[in-house]
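User: Could you walk me through how to read strands and packed helices in a structure? I would like the general idea and then the case at hand.

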Amino acid sequence: MNEIPAGQDGIPAGIPSVLSVDEFLDPQATWRGSAAANICAVLGRPIEHSLSPLLHNTCYQAAGLDFTYVRVEAGEGAEIRRLLENSSPDVRGFSVTMPGKTAALELADQATERALAIGSANTLVAQRDAQGNAFWLADNTDVDGVTSCLEDLQAAGRIEFSGARAVIVGNGGTARPAVAALAAMGVSAVTVLARSERALNLQELVTEFDMEFSWARFDQQPVEEFCAQAAVAISTIPASATEPLTEALLRAQSVIDVIYDPYPTPLLTAASARGVPHSDGLRMLAGQAERQFELFTGRQPAPGLLWKTALSRR
């Protein structure tokens, strides 16, 4: 079992903070001498900022599991393909961040229904079928991350989401799993706030989940009205872009800001000052990592450990 050095980023001693694809695939690489029998990794570009190694390695150590989690700089489809085709049998799974989430779904052998509906995957799990043949399964645990935020709000603020309306700010990669999470909580209508008609990119997904769709530009008058009718407003855009919308968003019964840099964001600081129930990107990060931990290891992490670990480094 590899001890995690105190004060570092969760990468065990002897392993570089970021590995290249070639370094990860090289069975003779020196870093493997410091790794456990089972390997997982987060893929992305840039990737050196990722908190995932800290979260996963802390949980592996707490559970007494012979696993090591590393960072690999890989964002292009060709790089992800190389990893899926050439990784050794000790590789149990990959977390995938931007810009590789679409490629992760396309390159996997199988995918969950929610990953297919969302159109991207943040998780690739090494599997074997009944005949012992290896394959890669794609999933999107960002849904679990947003769900953990919604459940936190429901418990702390006594907010009822079933049959309610919601607002999503932005139409990018995180907005799509947010739609799926809202549907799972029973939300009946979603309004997307965006800079342009690109908000319509979410219309098909919202209606596929049997929710009513509407949209508005950031600068339109109905924005405050939509927020005032919402059980929750979820911001998926950078903190600086959210600031002009803060007053409108705080009219919702609760708010979620998926951004965790800076932490807390101006929106969350304002929500706290007003007493508006709120949840944040660190809880989302922990929530999606909890499900990944289960998929990679077949075990459940200690309750609350990932959340406490995420908070400890901000």
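Analyst: We will go through the sheet and then the helix contacts. This is a predicted model, in which local features need pLDDT of at least 70 and side-chain atom pairs count only at pLDDT 80 or more, while totals for chains, interfaces and linings use all residues. Residues are numbered from 1 along each chain as its sequence is written, and side-chain values use heavy atoms, with hydrogens and water left out.

User: In what order do the six strands of the sheet run?

Analyst: Strands of a sheet pair through backbone hydrogen bonds, either parallel or antiparallel. Here the open sheet has the order β9-β8-β7-β10-β11-β12, with parallel pairing. Strands are DSSP runs of E of at least two residues, helices are runs of H or I of at least four, and both are numbered from the N terminus; two strands pair if DSSP finds at least two bridges between them. β9 (212-217) and β12 (278-280) are the edge strands with a single partner each, so one side of each has no neighbour in the sheet. From one strand to the next, the twist averages 15°.

User: How many bridges join β7 and β8?

Analyst: Five bridges link β7 (residues 165-169) with β8 (residues 189-194) in the parallel sense. Val169, for instance, has Leu193 in β8 as its bridge partner.

User: How do I read two packed helices?

Analyst: Two packed helices are described by the angle between their axes and the distance between the axes. Axes are lines fitted to C-alpha atoms, for helices over the stretch in contact, and angles run from 0 to 180 degrees between N-to-C directions. Take α13 (residues 281-297) and α14 (residues 305-312): their axes come within 9 Å and cross at roughly 140°. That makes α13 oblique to α14 (under 35 degrees is roughly parallel, over 145 roughly antiparallel, 65 to 115 roughly perpendicular, and the rest oblique).

User: Which residues of α13 and α14 make the contact?

Analyst: Contact means heavy atoms within 4.5 Å. From α13 come Leu282, Arg283, Ala286, Ala289 and Glu290, and from α14 come Leu306, Trp307, Ala310 and Leu311.

User: Which helix crosses α14 at roughly 130°?

Analyst: That is α2 (residues 52-63), whose axis comes within 9 Å of that of α14. This angle makes α2 oblique to α14 as well. Leu54, Leu55, His56, Thr58, Cys59 and Ala62 of α2 meet Leu305, Leu306, Thr309 and Ala310 of α14.
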